[in-house]
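Please open the model in the viewer and keep the sequence at hand.

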Amino acid sequence: MQQTPYLNLLGLDKTYATMGQLKLAPATKITPEIARQICTKTNSKMVISDSIVDAGNRYHLEIRALDCGSGATLAEEGTDISARNQVVHELGTTAVRLRRKLGEPAKSLARFNQPLEKATSASLEALQIGTEGTKLLLAGNPQAALPLYQRGIELDPDLALTYEGIGAANGVLRRYDLMKASYTRAYQLRDRMTEKDRVNADYLYYVNVTGRTRQGLPRSSSITGTLSRDVFFHNNSGVHAD
């Protein structure tokens, strides 16, 4: 859902900050119930909830948009999957159908629709462990995030976003050579990202590796609007503003 500029998604920084206000640890799994609490606390409109259920010889995937206040289903999409290695792809295509039901224009859907297994990873395990690493990084514990990120890379050596996480963690720890190497690898793999994440990878590479700050600035207004809600881009552009 982070691909779409049509929906104003709550930033990760605000999500985890709100979890702190609710006395929840950063590693707490965000269930639909907890998501609705965060939704209410931040005056948001809806929660996007997904579930993947092992149904014997298949998996059942379901994505729902829930009204923040009442919990009523505003739109839903689902599909049955015959093999685990199809989960990420089907999650992406099902999310696109939900975006269409929520009113996103066809032009937007066509442009911001990188197949999920290419934009992230075909490995569900690599994505899950990378998410846990990002939670720890945002909670201010880059040292603990690094082993998780490294495990994610072992599971999928081409997971571009995880290289960005490794670069960010090493940057906080002032291991600048390791930071530059990771940002360079993320830049090399930028075709395996969404359009928004690709712009962020460019920015991190030009600023932190080559020093050419202005070359990394986004030029597309729609992408700039999407990035304005991205905690990592906000932080990086603030640090390197001139």
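Select Tyr187 and Tyr205 to begin: in this predicted model, Tyr187 is buried, and Tyr205 is buried as well. The relative accessible area of Tyr187 is 15%, which places this residue under the 20% limit for burial. Show the side chains of both residues. How do the rings of Tyr187 and Tyr205 lie, stacked or edge-to-face? They are stacked, with 3.9 Å from centre to centre and 10 degrees between the planes. Tyr187 belongs to helix H9 (residues 176-188) and Tyr205 to helix H10 (residues 195-210), so this pair ties together parts that are 18 residues apart in sequence.

Because Tyr187 is in helix H9 and Tyr206 in helix H10, the pair ties together parts that are 19 residues apart in sequence. Tyr206 is buried too, at a relative accessible area of 11%. Together, Tyr187, Tyr205 and Tyr206 make up one aromatic cluster. The structure contains 3 aromatic pairs.

Next, display two arginine side chains in this part of the sequence. Arg190 is placed over the face of Tyr187, at 3.8 Å from the ring centre. Arg185 is placed over the face of Tyr163, at 6.0 Å from the ring centre.

Colour the helix by accessibility: the buried residues of H10 include Lys196, Asp197, Val199, Asn200 and Ala201. Further along H10, Tyr203, Leu204, Tyr205, Tyr206, Val207 and Asn208 are among those buried. Step past the end of the helix to Gly211, which follows H10 and has a positive phi, near 80 degrees.

The protein has 12 helices and 3 strands, and the 3 strands form an open sheet in the order S1-S2-S3 with antiparallel pairing. Strand S1 (46-54) and strand S3 (73-81) are the edge strands, each pairing on one side only. On average, neighbouring strands of this sheet are turned by 10 degrees against each other, direction ignored.

Select strand S2 (residues 59-67) together with S3. The two run antiparallel and are joined by 8 bridges. At another, Leu66 has Thr73 as its bridge partner in S3. The hairpin of S2 and S3 has 5 residues between the strands, and within this hairpin Gly71 takes a positive phi near 80 degrees.

Stay on S2 and pick Ala65, which is found in this strand. Ala65 is buried, with a relative accessible area of 0%. Which residues does Ala65 touch, not counting residues up to four places away in sequence? They are Met46, Val47, Ile48, Ala72, Thr73, Leu74, Ala75, Leu98 and Leu102. Draw a distance from the C-alpha atom of Ala65 to that of Ile48: the separation is 4.6 Å, although the two are 17 residues apart along the chain.

Ser49 counts as buried at 15% relative accessibility. Its contacts, leaving aside neighbours within four places in sequence, are Pro32, Glu62, Ile63, Arg64 and Leu66.

Helix H2 (residues 32-41) lies across S1 and S2, and runs at about 170 degrees to S1. Helix H3 (residues 87-101) lies across S1, S2 and S3, and runs at about 150 degrees to S3.

Finally, show the entire protein. How much of the protein is made up of buried residues? Of its 242 residues, 40% are buried. Among contacts with a separation of 6 or more, residues 24 or more positions apart account for 52%.

Technical notes: Residues are numbered from 1 along each chain as its sequence is written. This is a predicted model: local features need pLDDT of at least 70, side-chain atom pairs count only at pLDDT 80 or more; totals for chains, interfaces and linings use all residues. Side-chain values use heavy atoms; hydrogens and water are left out. Rings of Phe, Tyr and Trp (its six-membered ring) pair if their centres lie within 6.5 Å; planes under 30 degrees apart count as stacked, over 60 as edge-to-face and the rest as tilted. Helices (H or I, at least four residues) and strands (E, at least two) are DSSP runs, numbered from the N terminus. Buried means under 20% relative accessible area, exposed over 50%, partly exposed in between (1.4 Å probe, protein chains only). A charge sits over a ring if NZ of Lys or CZ of Arg is within 6 Å of the ring centre and within 35 degrees of the ring normal. Two strands pair if DSSP finds at least two bridges between them. Axes are lines fitted to C-alpha atoms, for helices over the stretch in contact, and angles run from 0 to 180 degrees between N-to-C directions. Contact means heavy atoms within 4.5 Å.
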